[in-house]
Amino acid sequence: MDNKFKVRITHSGFAILLALFLFLIVIELLFFNNKNKHNILIDKDTANISQTITTKINEQINSMVVSLKALSYSLNIQNGKNTKDFDRIAKKVMADNDVISELQYAPRGIITDIYPNQTKHTAIGHDLTHIEERKKGVLLSIENRNVSLIGPVKLIQNGKLAFILRLPLFNEKNEFTGFVNAISYLDTFREKLALDKSYYKILGFNPDGHRLTIFNNLEKTCEKTDNSFTVKVPNGEWLFVIQNQQKIHQDNSPYLRCLLYIFSCLICVYVYKREMYLKQSQNSILDMNMMLQKASYTDELTHLPNRRLLNEKLDAISTLTNNQTYSIAIFDIDNFKQVNDTYGHDVGDDVLVAFANICLSSIRSTDIIARWGGEEFVLLMENTDSHHGQEICTRILHTLSQHRITSGDTHFSVTSSVGLCEFTTPDFTITSVMKCIDEALYVSKKTGKNKVTLGHLTANK
């Protein structure tokens with residue numbers, strides 16, 4: 001993959017992402033803390049509601065139990081006395097307890113007295129021990145020998161939903177003698193709970209049937225889990241499901257958290273775009289620097305290294321401490337001024353480009369050919385003695401003499417004179433080396449041109 005597409009995070013970008021990461025941690029901690037606080041408040045509210053409801057129910061049931069026991073005591077039912085004063089006594093008992101909707105007396109389980117007595121719809125004559133809808137509750141009350149609360153049930157006499165508080169009666173020999181019943185209509189009992197501002201559902205106890213719903217005003221749109229608790233009642237329990245009012249309102253925390261994460265993603269995208277821009281800007285600067293560097297070290301016409309690059313290479317070689325042999329040659333195209341004067345500078349440029357291409361195709365990958373200036377070129381050959389250096393130079397001269405230059409209808413060829421010198425590091429100076437090849441080139445020019453002359457360099461210690 002191209003390095004231009006590899007984004008490395010800068011120190012500033014890393015700092016932004018680190019700050020964002022810490023920010024998200026803080027946000028999550030705040031949400032977690034708020035959620036815990038919310039749950040604590042809900043649990044606290046549920047506990048308060050549970051305590052309130054339990055207290056109210058116990059108060060109502062206890063008052064009904066007291067009323068039943070007062071009724072049985074006033075009538076002296078346990079001793080089998082006459083019950084002709086039942087209506088009067090029941091009226092007085094109900095006047096002191098507005099939760100009770102109806103009172104009943106059922107010797108041996110058969111209802112004989114009711115207050116208030118409705119002649120149209122009455123339960124008088126019903127044998128509770130033989131009615132299938134009441135049998136289990138009746139037997140349970142006798143077996144436990146204590147007050148039992150049944151309900152909600154649908155009353156036989158009027159079809160209303162009600163609770164039945166049943167007190168079994170026994171004589172001095174502990175023989176079952178009958179019941180006194182207190183009936184509270186569902187609406188009357190529910191009003192006493194005073195929970196109109198709460199959202200709840202109550203499931204009652206009925207041994208003769210399934211658990212029935214006493215009341216339900218839960219919000220159906222609320223999808224959250226509701227809290228529940230049980231309230232002990234005589235001979236059973238009621239199940240309460242509470243829906244806190246805080247849950248009814250829309251919980252905006254998920255939306256807020258979603259917005260924060262979207263904001264975080266936007267910051268990450270910003271950092272990525274920013275790093276991409278910085279990387280592209282850096283690459284552009286590097287590319288421009290490379291272009292400038294290449295231009296400063298490259299000859300514009302021949303695209304060969306120029307004199308500056310070769311000088312830096314020679315300076316680097318002069319610092320070497322190991323013994324290494326080099327050969328260096330200078331090429332000067334013969335009669336180049338005459339070519340320019342005869343064919344023009346454009347053709348002269350073609351000659352220089354052709355010579356550069358011939359050199360590139362004739363030298364090794366480790367050799368460096370550079371344009372020294374004008375029609376002069378310098379060839380630096382690494383790990384090469386004068387003998388092999390002369391072979392390379394001769395090969396270039398031969399190829400050059402065979403190459404045809406075209407100018408209009410005219411075809412011609414050019415030659416070059418060469419000065420060659422061998423040197424070994426570190427026993428030389430750049431000045432002495434360049435002087436050596438200049439002197440050898442001068443000899444080639446003076447002795448016929450199109451030839452290689454080997455110069456001799458005196459070592460400098």
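Reader: What makes the largest nonpolar core a core, and which residues have the most contacts inside it?

Author: A nonpolar core is a set of buried Ala, Val, Leu, Ile, Met, Phe, Trp, Tyr and Cys residues joined through side-chain atoms within 4.5 Å, where buried means under 20% relative accessible area, exposed over 50% and partly exposed in between, with a 1.4 Å probe and protein chains only. The largest set of this kind has 33 residues, and those with the most contacts inside it are Ile 57, Leu 71, Leu 103, Leu 165, Trp 238 and Phe 240. Among the elements that give two or more residues to this core are α1 (11-75), β1 (102-107) and β9 (236-243), and α1 gives the most, with 7 residues. Apart from it lies another core, of 30 residues, including Ala 329 and Val 414. This is a predicted model, in which local features need pLDDT of at least 70 and side-chain atom pairs count only at pLDDT 80 or more, while totals for chains, interfaces and linings use all residues. Residues are numbered from 1 along each chain as its sequence is written, and side-chain values use heavy atoms, with hydrogens and water left out.

Reader: How do you know that β1 is mostly covered, and which strands does β1 pair with?

Author: Helices (H or I, at least four residues) and strands (E, at least two) are DSSP runs, numbered from the N terminus, and in β1, 5 of the 6 residues are buried. Two strands pair if DSSP finds at least two bridges between them; 6 bridges join β1 to β5 in the antiparallel sense, and 3 bridges, also antiparallel, join β1 to β2 (113-115). Tyr 105 has Val 180 of β5 as its bridge partner, whereas Leu 103 stands opposite Tyr 115 in β2. β1 and β2 form a hairpin with 5 residues between them, and Arg 108 in the turn has a positive phi of about 60°.

Reader: Why are the buried residues of α3 said to line one face of the helix?

Author: In α3 (135-144), Gly 137, Val 138 and Ser 141 are buried. Seen down the axis of α3, these buried residues fall within an arc of 100°, so they line one face; the arc is that of the directions from the helix axis to the C-beta atoms. The face turned away from the buried side carries the exposed residues Lys 136 and Glu 143. The buried residues pack against β3 (148-154), β4 (161-170) and β5 (176-185), where contact means heavy atoms within 4.5 Å.

Reader: Why are β11 and β16 called edge strands?

Author: The open sheet has 5 strands in the order β11-β12-β10-β15-β16, with mixed pairing. β11 (368-373) and β16 (452-455) each have a single partner strand, so one side of each is left without a neighbour in the sheet. Within this sheet, β10 (324-333) and β12 (376-382) run antiparallel and are joined by 7 bridges, with Phe 377 as the bridge partner of Phe 331.

Reader: How do you know that Cys 393 is in no disulfide?

Author: A disulfide is a pair of cysteine sulfur atoms within 2.5 Å, and a search of the whole structure finds 0 of them. For Cys 393 the nearest cysteine sulfur, that of Cys 359, is 8.8 Å away, and Cys 393 is therefore in no disulfide by that cut-off. Cys 393 is also buried, with a relative accessible area of 0%.
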